[in-house]
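Hi everyone, thanks for coming. Let me put the sequence and the model on the screen, and then we can walk through a few places together.

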Amino acid sequence: MAGFRSPSAGFRVPLPAAFGVDPSGERMARIRRSPHFRDGVFQNPGGTARTRPSGSAAELAKTYIDKDTRQRRAPHGRIPVHATTLADLARPPASGLRLTWMGHSSVLAEIDGQRVLFDPVWGARCSPVPFAGPKRLHPVPLPLAALGRVDVVVISHDHYDHLDLPTIKALAGTDTLFAVPLGVGAHLEHWGVSPDRLRELDWHEATRVGGLTLTATPARHFCGRGLRNTQHTLWASWVVAGDEHRVYHSGDTGYFEGFRDIGAAHGPFDATMIQLGAYSEFWPKNHTDYTPLPGMWPDIHMTPAQGVQAHLDLQGGSPGGVLLPIHWGTFNLAPHPWAEPGEWTKDAAEEVSQAVAFPRPGEPFEPAGELPVGAWWRAVSGPIGHPWRRPRIVEGVAGTSKGDLDLAGER
């Protein structure tokens with residue numbers, strides 16, 4: 001357990017170990033030397049980002065407790081999970097690159113003979129305590145031990161749905177390395193990871209692991225997991241480049257122009273893993289450009305359309321490579337329907353002819369091979385509207401537009 005001293009009572013109150021610890025000593029001195037640390041906190045590209053939902057607390061609470069909204073935020077049946085086996089992952093990818101989405105932002109990337117595990121969360125809840133907080137909507141596809149060898153674990157930031165204490169403690173007993181943003185290493189050391197297995201990077205810094213180069217790149221987000229949010233740990237997206245392939249993991253981020261710079265410096269990519277989900281549900285009803293109205297977390301998470309645009313920016317402005325949507329389907333973190341990010345990403349990608357993979361959790365695929373593209377969520381989801389779609393008359397159905405049928409749940 002960690003703890004803090006009560007100023008009134010003068011004694012330490014035990015706190016969950018999952019809170020981690022604040023950076024100190026030489027680690028804190030290095031943070032203060034960072035060009036991205038100013039006025040006592042890490043700064044976002046593009047200026048200050050709003051880290052709280054807009055609108056009143058009453059409106060937000062009403063949205064969360066509304067019966068219809070609650071029903072839409074959960075699947076209507078069991079989410080189909082691929083029965084991943086050790087044999088699936090023991091066979092080397094024919095193309096040299098294979099991705100396995102484990103749910104939310106957790107992805108195993110097998111790239112040019114190395115194995116990289118992004119944001120592994122195997123816990124039942126993304127919370128500091130086991131009895132409260134967002135609970136998994138589907139089981140983990142396979143036990144952590146069944147993954148086999150992991151060369152490096154990459155963490156994007158220290159929020160609970162990306163940095164999970166039980167998972168890190170389990171991995172601490174292996175010989176894997178950890179690549180983390182500046183300051184996050186304090187949590188890992190506190191949980192038993194030895195300092196010599198940490199690669200702690202500021203934005204634009206890189207490290208070598210085997211034949212791979214891992215580079216921490218900017219993101220537009222924030223940090224914190226304790227009672228005090230000191231903003232003393234950095235958040236990052238990541239570029240992983242091998243001799244033949246390169247991939248990008250966005251971590252959590254709002255949309256910003258820096259995607260173009262990252263793409264110009266490190267792209268194009270064979271595959272990108274792009275955060276979308278936990279965005280505002282208050283969208284316009286007659287837009288064709290998917291632009292969201294002001295609502296929840298507009299600066300620090302992306303809508304499906306923004307996620308697709310981020311991928312295009314990373315590819316130099318044109319469709320290319322494969323987009324793997326992440327940060328959706330596993331936890332309820334916003335009022336929108338749980339499967340809406342998948343459905344709307346499918347629409348946004350089709351508009352620009354961008355290849356998108358939609359694997360079931362645990363389903364391995366190779367970006368250079370046949371992609372999983374089926375809308376698996378539809379079997380366990382209620383109807384999801386497509387309010388921006390241009391009306392298209394369906395042959396044989398007089399006076400009815402394709403958009404109308406979609407809103408009615410037509411598949």
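His311 touches Thr272, Gly320, Gly321, Val322, Leu323 and Gln354, leaving aside residues up to four places away in sequence; a contact here means heavy atoms within 4.5 Å. The residue is found in helix α8. For the labels, helices (H or I, at least four residues) and strands (E, at least two) are DSSP runs, numbered from the N terminus. His311 counts as buried because its relative accessibility is 0%. The cut-offs are under 20% relative accessible area for buried, over 50% for exposed and partly exposed in between, with a 1.4 Å probe and protein chains only.

Before going on, a word on the source: this is a predicted model, where local features need pLDDT of at least 70 and side-chain atom pairs count only at pLDDT 80 or more, while totals for chains, interfaces and linings use all residues. Residues are numbered from 1 along each chain as its sequence is written, and side-chain values use heavy atoms, with hydrogens and water left out.

Back to His311. Its C-alpha is 9.7 Å from that of Pro268, a residue 43 positions away along the chain. Pro268 sits in the loop between α7 (258-266) and β15 (271-275), and the peptide bond joining Gly267 to Pro268 is cis, with omega at about -5°.

Helix α8 leads us to the core. A nonpolar core is a set of buried Ala, Val, Leu, Ile, Met, Phe, Trp, Tyr and Cys residues joined through side-chain atoms within 4.5 Å. The largest one has 69 residues, and Val116, Phe118, Leu214 and Trp238 touch the most other members. Helix α8 (residues 304-314) gives the most to this core, with 5 residues. Take Phe118: outside its sequence neighbours up to four places away, its contacts include Val154, Trp238, Val247, His249 and Met273. Apart from this core lies another, of 30 residues, with Leu147, Ile155, Ile168 and Ala172 among them.

Now to helix α5. Which residues of α5 (165-172) are buried? They are Leu165, Thr167, Ile168, Leu171 and Ala172. These residues cover an arc of only 160° around the axis, so they lie on the same side of α5; the arc is taken from the directions from the helix axis to the C-beta atoms. They pack against β7 (114-118), β8 (152-154), β9 (177-181) and α6 (185-190). In the loop between α5 and β9 we find Thr176, which is buried, with a relative accessible area of 1%. Thr176 touches Val150, Asp151, Val152, Val153, Leu171 and Arg197, again not counting residues up to four places away in sequence.

Next, the rings. How many aromatic pairs does a search of the whole structure find? It finds 11. Rings of Phe, Tyr and Trp (its six-membered ring) pair if their centres lie within 6.5 Å; planes under 30 degrees apart are stacked, over 60 edge-to-face, and the rest tilted. Phe37 and Phe42 have ring centres 5.2 Å apart and planes at 75°, so this pair is edge-to-face. Both of these Phe residues, Phe37 and Phe42, are buried. Trp101 and Trp328, with centres 5.8 Å apart and planes at 15°, are therefore a stacked pair. That pair links distant parts of the chain: Trp101 is in strand β5 (residues 97-103) and Trp328 in the loop between β16 (322-326) and α9 (340-352), 227 residues apart.

Asp119, in the loop between β7 and β8, has a positive phi near 40° without being a glycine. His327, in the loop between β16 and α9, is not a glycine either, and its phi is positive at about 70°.

To finish, a residue on the outside. Is Arg78 buried or exposed? Arg78 counts as exposed, because its relative accessibility is 72%. Arg78 lies in the loop between α3 (67-72) and α4 (86-90) and touches Pro139 and Val380, not counting residues up to four places away in sequence. Arg78 and Val380 are 302 residues apart in sequence, with 6.8 Å between their C-alpha atoms.
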